[in-house]
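Here is a short walk through one protein model. Keep the sequence and the 3D view side by side while reading.

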Amino acid sequence: LTEYTIEENKIAELDRLRISYNKMLIRLSESFETQRQFTGNAAHELRTPLTLIQAQLDLYHTTEHPESTAVAEETIQMVTEQNERLSKLVRTLLDMSELQTVSRNDRIELHSLIEEVLTDLEPLAQEKNVELIQKTQNLRDEKAENKTADLILTGSDILIYRMLYNLVENAIKYNHTDGNVTVSAVRMKNTVVLTVADTGNGIEESFREQIFEPFFRIDKSRSRQLGGVGLGLALVREIVRVHDGTIEVHGNEQGGTTFEITMGL
Ligand code: ADP
């Protein structure tokens, strides 16, 4: 925000306005920073007890407990599941608070990265018999005649992977059985347009802004059942923002949803 402060103005009234405006920007910026630090610190503090609980549960699961009752087993199972959910939530909160400090100078080969994301999510897709399709643009490598060049983006390798992973994971989770997910990266002038399209139920127009808010879920119980904590798209939006990109959501011809991200090359 502090990058948007206004330069000095010769007209006294305008200059007074400029000073107030700049002060407001600085205060807002400081307040965002405090909020970010609080989230990071809280998540850090929560991580230790959660890891300890997890270690105890892992230990419990490695040994037999013939004396245990069905009720006790059920309780342990419930605690294990909830602990996993909480750990996932805390990890994502930490990731979000650390976004600004991650280096964004990696040379990312986009087609290879998409392939990696799809390979990693193939087991989840198979559970629902969802087909994962990668559409690649044929770019000729000028140096090597027969080779197809990859699209190169400069940014954070880890974050761009995470962004695509979250979008494709959602596209599978909120899809129909036997549906499909198509991912593409296309160069347009000095930008790259990344799209993730699914054949799910689609997202009502009135929700298309809200889905990016932390903890917002259209159907809370469905999301919970699918292991969601409601932070996936909030993280995607932040990753797009730190890369100076834009993200749009559209309905598509299959009745599903298409997420479209544009980033400068
Ligand atoms: P969650 O952990 O619940 O998946 P997200 O932040 O990733 O959280 O997504 C927020 C909500 O947006 C989801 O709960 C779901 O209702 C909706 N959503 C996200 N992606 C899709 C999609 N591809 N199709 C339909 N609904 C989606």
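Two strands count as paired if DSSP finds at least two bridges between them. The model shown here is a predicted one.

Strand 9 has strand 8, residues 246-251, as a partner, and 6 bridges join the two. Strand 8 and strand 9 run antiparallel. One place to look is glycine 251, which stands opposite threonine 257 in strand 9. Between strand 8 and strand 9 lie 5 residues, and the two strands form a hairpin. In the turn of this hairpin, glycine 255 has a positive phi of about 85 degrees.

Now turn to the helices. Helix 2 spans residues 70-98 and helix 6 spans residues 232-242. Their axes come within 10 Å and cross at roughly 15 degrees. Angles under 35 degrees count as roughly parallel, so helix 2 is roughly parallel to helix 6. The crossing of these two helices is left-handed.

Which residues of helix 2 and helix 6 meet? From helix 2 they are Thr92, Asp95 and Met96, and from helix 6 they are Ala234, Leu235 and Glu238. Sorted by class, the contact of helix 2 with helix 6 has 3 nonpolar, 1 polar and 2 charged residues.

Methods:
Residues are numbered from 1 along each chain as its sequence is written. This is a predicted model: local features need pLDDT of at least 70, side-chain atom pairs count only at pLDDT 80 or more; totals for chains, interfaces and linings use all residues. Side-chain values use heavy atoms; hydrogens and water are left out. Axes are lines fitted to C-alpha atoms, for helices over the stretch in contact, and angles run from 0 to 180 degrees between N-to-C directions. Helices (H or I, at least four residues) and strands (E, at least two) are DSSP runs, numbered from the N terminus. Angles under 35 degrees count as roughly parallel, over 145 as roughly antiparallel, 65 to 115 as roughly perpendicular and the rest as oblique. A crossing is left-handed if the near helix is turned anticlockwise from the far one by less than a right angle, and right-handed if clockwise. Contact means heavy atoms within 4.5 Å. Ala, Val, Leu, Ile, Met, Phe, Trp, Tyr, Cys and Pro count as nonpolar, Asp, Glu, Lys and Arg as charged, and the others, Gly among them, as polar.
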